[in-house]
Amino acid sequence: MVAWLRFMVMATAFVLTILFLVPLQYVFLKTGWGPRTKAPMLFHRIVSRLLGFRIHVHGEMAKDRPLLLTANHTSWTDIVILGSLREMAFIAKAEVATWPLFGMLAKLQRTVFIEREKRGKTHQQASVIATRLAAGDAMVLFAEGTTSDGNRVLPFKTSLFGAAQVAIRETDVQTVTVQPVAIAYTRVHGIPMGRVHRPIVAWPGDVPLGPSLIGLLKDGAVDVDVWFGEPMVIDEKSDRKALARTMEKRVRAMVLSSLMGRNLVNPSAESNEEAILNGDKNR
């Protein structure tokens, strides 16, 4: 009964937030006037509170621009959590644009939609991301290409890492900063989640979005760690495959640190940067 009462209150607040901020953001985008990057951040901060997230941030988002953030992906809530912390834009699969309500919200946040399965469009899509990077937008790439069960980090796909180099080749920027970001859901109502309870938040495979949202609105009180790892500065000679492997290694180390309850100062620091910065014969 208490859970359903909480759901009704939170759902009402969620709807009111949408009714208030969505029209404002639409006007900001159409007219070019107003804080079009700050309105989405305010929206995400309100929604993260409504969903009951307690966010613990480790490290800082890099201040350098252009900036490509490479993150693991457990749930649709990752966007809410990251979007509540700083002004940033996201790279999402094309079908998200067609989702009821959430597709509209993604468009209003200036999301870049990509078709990962169409390899022939990789360069074109990388060019769109590169343009946004060069314009100063901090872009978030969920490099696994899909959501996971939250207990592990899947292998990073390398194709869109090339967007950083496209930004260098096709614009007037000389370097791009790439920073690993890790998101780990650790506790619910103060109790360690473990593998059994992490599905409360995790959104893998074909799990419907509606039940996931309803479940969070009912339960709430989830602790989540967000790690901003050691950034790297790359140039046009850097190897994207080596870069992807290093970002994957750093993100995995940070996620593991949270899931195992460790308090490491910088679990992402260890990596071989020389091969990335100097290029690679196999790139």
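Val 188 stands opposite Val 222 in strand 8. Let's start from that pair. A word on the model first. It is predicted, so local features need pLDDT of at least 70, side-chain atom pairs count only at pLDDT 80 or more, and totals for chains, interfaces and linings use all residues. Residues are numbered from 1 along each chain as its sequence is written, and side-chain values use heavy atoms, with hydrogens and water left out.

Now the strands. Helices (H or I, at least four residues) and strands (E, at least two) are DSSP runs, numbered from the N terminus. Strands pair if DSSP finds at least two bridges between them. Strand 6, residues 176-188, pairs with strand 8 in the antiparallel sense, over 7 bridges. Strand 1, residues 53-58, runs parallel to strand 8, with 6 bridges. There, Arg 54 has Asp 223 as its bridge partner.

Is strand 8 buried or exposed? Buried means under 20% relative accessible area, exposed over 50%, partly exposed in between, with a 1.4 Å probe and protein chains only. All 7 of the 7 residues in strand 8, 222-228, are buried, so the strand is largely enclosed by the rest of the structure. Val 222, Val 224, Val 226 and Phe 228 point one way; Asp 223, Asp 225 and Trp 227 point the other. In a regular strand, side chains alternate between the two faces of the sheet.

Next, the core. A nonpolar core is a set of buried Ala, Val, Leu, Ile, Met, Phe, Trp, Tyr and Cys residues joined through side-chain atoms within 4.5 Å. The largest has 40 residues; Phe 53, Leu 82, Met 88, Val 140 and Tyr 185 touch the most other members. Helix 1 gives the largest share, 5 residues.
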